[in-house]
Number of protein chains: 2
Amino acid sequence: MLIVGEKINAVRRSVVAAIERRDAEFFRKEAVRQVEAGADVVDINAGSDPQREADNMRWLVEVVQEAVRAPLCVDSPNPDVIKAGFGAYRGPARLWANSFTAQKARVEGVLPLVKDHGGPVVGLCMDEEGIPTTARARLKVAQRLAEQVDRYGIPRKSLYLDPLVEPVAVLPGRAAVVLDLIRMIKSSLEGVRTLICLSAVSHGLPNRKLLNRTFMVMLIEAGIDCVILDPLDRELRATITASRALLNQDEHCLDYIAAFRQDALGGKQRAGEEG
Amino acid sequence: MLIVGEKINAVRRSVVAAIERRDAEFFRKEAVRQVEAGADVVDINAGSDPQREADNMRWLVEVVQEAVRAPLCVDSPNPDVIKAGFGAYRGPARLWANSFTAQKARVEGVLPLVKDHGGPVVGLCMDEEGIPTTARARLKVAQRLAEQVDRYGIPRKSLYLDPLVEPVAVLPGRAAVVLDLIRMIKSSLEGVRTLICLSAVSHGLPNRKLLNRTFMVMLIEAGIDCVILDPLDRELRATITASRALLNQDEHCLDYIAAFRQDALGGKQRAGEEG
């Protein structure tokens with residue numbers, strides 16, 4: 001499973017302020033800390049101010065690519081902003097385009113860029129009508145996204161379908177829709193992968209980290225391929241390590257035992273200890 | 001989901017010692033603490049010494065029934081020990097018989113008692129040949145257990161099928177078999193319920209509580225009906241509360257928010273807080 005570090009995102013006030021004052025050091029540090037903590041990819045979201053998002057994205061990509069060799073994930077609903085981010089990149093890695101939907105403007109704005117550049121692309125399971133409420137209806141949109149990727153000659157393994165997590169506090173029942181949809185995509189849409197933006201699930205509730213890491217377990221069991229999350233959350237990382245050990249994704253539990261030895265699992269109980 | 005408190009079990013050295021010295025107060029406290037922490041049922045396991053298990057079970061049932069009104073779960077592989085426990089009970093609740101298998105002696109030793117008493121019974125998905133390795137083979141045993149229950153005129157809703165958790169440290173891949181089997185039972189064996197003894201999954205590994213609560217999330221998502229666990233484990237309880245909130249088993253997340261207000265979720269983050 002791939003981890004995309006979520007922290008360079010203009011939903012955070014500290015990020016907005018650092019963009020405003022063009023604080024390159026802030027972003028270099030944020031990128032390095034996430035990669036050191038296990039992020040495979042670094043998400044870059046420059047906010048949503050239509051006047052400035054493209055400029056900000058361009059600057060962020062310029063700054064962050066100097067700090068890490070990991071791929072960056074250029075994150076915007078606006079294809080022009082994604083284009084600006086791609087234009088600023090001179091590194092060796094393949095950029096991720098995050099995201100397109102089944103809406104015509106986003107297909108036509110993003111997929112040519114992806115075809116040209118050769119990196120992964122995130123497809124949100126929504127269309128002109130918005131986000132379908134059922135797993136079955138979202139699967140139909142997922143199929144349309146896969147068809148578009150085929151049409152542009154982009155390999156299916158480059159497509160990361162995002163089932164779209166919604167806050168359980170507002171839309172109860174939708175977390176289960178996401179899990180169902182991941183399983184449906186796995187069994188019916190050959191070759192494509194799945195990606196989730198984890199923390200949306202807990203929006204509006206207290207102790208969000210507990211909900212996030214609990215949902216993470218369910219996502220891993222459902223077969224998620226990639227998650228956008230906070231790689232600096234130690235308990236979340238321990239939960240991922242434990243999930244992989246339980247699901248036979250960690251041979252002889254070696255990663256689990258290594259994490260324990262590095263004191264990265266929390267808790268104090270030893271092997272074989274009974275109450 | 002029902003919770004069976006696991007702590008009165010002679011795998012614990014402190015329990016063995018307290019049985020030896022006939023320390024009634026120890027067991028009354030263990031029972032009360034578990035029920036206060038949320039156990040719906042109190043498991044009673046008197047060890048496996050063939051000379052003394054029946055006597056010890058009889059004494060434990062006598063002692064614990066004075067302390068709590070919750071049902072007791074008489075836990076032994078030996079039908080004679082279960083019979084001894086049932087014989088000692090004078091309370092109003094329905095005792096649980098834990099357990100029988102597809103083996104003839106255990107069917108014939110336990111099911112007449114259950115039919116007579118009218119309580120739930122735990123059926124382990126194993127037979128004369130041992131524990132089948134695949135989910136499909138275990139499902140066949142589960143079907144045989146359900147047929148036996150039918151044959152004795154015991155209602156199917158009284159049958160709690162135990163898919164049998166094995167340690168991932170020794171048998172990797174078997175945790176996934178358990179999850180598959182729970183889903184198969186739910187979809188193909190009408191009316192019966194499922195039960196798990198949680199902590200077996202983590203045997204032999206460090207930080208067992210992390211593995212236990214991580215597996216708990218997967219079990220809840222798979223639809224488990226009843227779990228034998230340590231109700232005094234606060235983080236496990238918080239994880240169960242979070243899982244229910246995510247899966248729309250907690251209307252408007254009211255239990256989750258109440259647990260947060262009672263400081264029962266751990267963590268310090270508040271609603272809406274961002275980094």
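Biologist: At what angle do helix H8 (residues 208–222) and helix H9 (residues 234–246) of chain B pack, and how far apart are their axes?

Modeller: The angle is about 25°, with the axes 9 Å apart. Keep in mind that this is a predicted model.

Biologist: Why is the pair H8(B) and H9(B) called roughly parallel?

Modeller: Angles under 35 degrees count as roughly parallel. H8(B) and H9(B) pack at about 25°. Therefore the two helices are roughly parallel to each other.

Biologist: Is the crossing of H8(B) and H9(B) left-handed or right-handed?

Modeller: The crossing of H8(B) and H9(B) is right-handed.

Biologist: Which residues of H8(B) and H9(B) meet?

Modeller: H8(B) brings B:Arg213, B:Met216, B:Val217 and B:Ile220. H9(B) brings B:Glu235, B:Leu236, B:Thr239, B:Ile240 and B:Ser243. By class, this contact has five nonpolar, two polar and two charged residues.

Biologist: What makes H7(B) and H8(B) roughly parallel to each other?

Modeller: Again, the angle. Helix H7 (residues 174–188) of chain B packs with H8(B) at about 20°, with the axes 9 Å apart. The cut-off is under 35 degrees. H7(B) and H8(B) are therefore roughly parallel. Their crossing is right-handed.

Biologist: Which residues make the contact of H7(B) with H8(B)?

Modeller: From H7(B) come B:Ala175, B:Val178, B:Leu179, B:Ile182, B:Arg183 and B:Lys186. From H8(B) come B:Phe215, B:Met218, B:Leu219, B:Glu221 and B:Ala222. The classes are eight nonpolar, no polar and three charged residues.

Biologist: Why is B:Gly5 called buried?

Modeller: Buried means under 20% relative accessible area. B:Gly5 has 0%, so B:Gly5 is buried. This glycine lies in strand E1 (residues 2–5) of chain B.

Biologist: What does B:Gly5 touch, leaving out residues up to four places away in sequence?

Modeller: B:Gln34, B:Ala39, B:Val41, B:Val42, B:Asp43, B:Leu229 and B:Pro231. As for B:Val35, B:Gly5 is 30 residues from it in sequence and 7.6 Å from it in space, C-alpha to C-alpha.

Biologist: Now chain A. How does the reach of helix H3 (residues 53–67) compare with what is expected?

Modeller: H3(A) has 15 residues and reaches 21 Å from its first C-alpha to its last. That is close to the 21 Å expected at 1.5 Å a residue.

Biologist: Which residues of H3(A) are buried, and against what do they pack?

Modeller: The buried residues are A:Glu53, A:Asn56, A:Met57, A:Trp59, A:Leu60, A:Val61, A:Val63, A:Val64 and A:Gln65. They pack against helix H1 (13–20), helix H2 (24–36), strand E2 (41–45), strand E3 (72–75) and helix H4 (79–87) of chain A.

Key: Residues numbered from 1 in each chain as written. Chains lettered and ligands numbered in written order. Predicted model: local features only at pLDDT ≥ 70, side-chain atom pairs only at ≥ 80, totals over all residues. Heavy atoms only, no water. Helix = DSSP H or I, 4+ residues; strand = E, 2+ residues; numbered from the N terminus. Buried < 20%, exposed > 50% of the residue type's maximum accessible area, 1.4 Å probe, protein only. Contact = heavy atoms within 4.5 Å. Axes fitted to C-alpha atoms, helices over the stretch in contact; angles between N-to-C directions. Parallel < 35°, antiparallel > 145°, perpendicular 65-115°, else oblique. Left-handed = near helix turned anticlockwise from the far one by under 90°. Nonpolar A, V, L, I, M, F, W, Y, C, P; charged D, E, K, R; others polar. Expected span 1.5 Å × (residues − 1).
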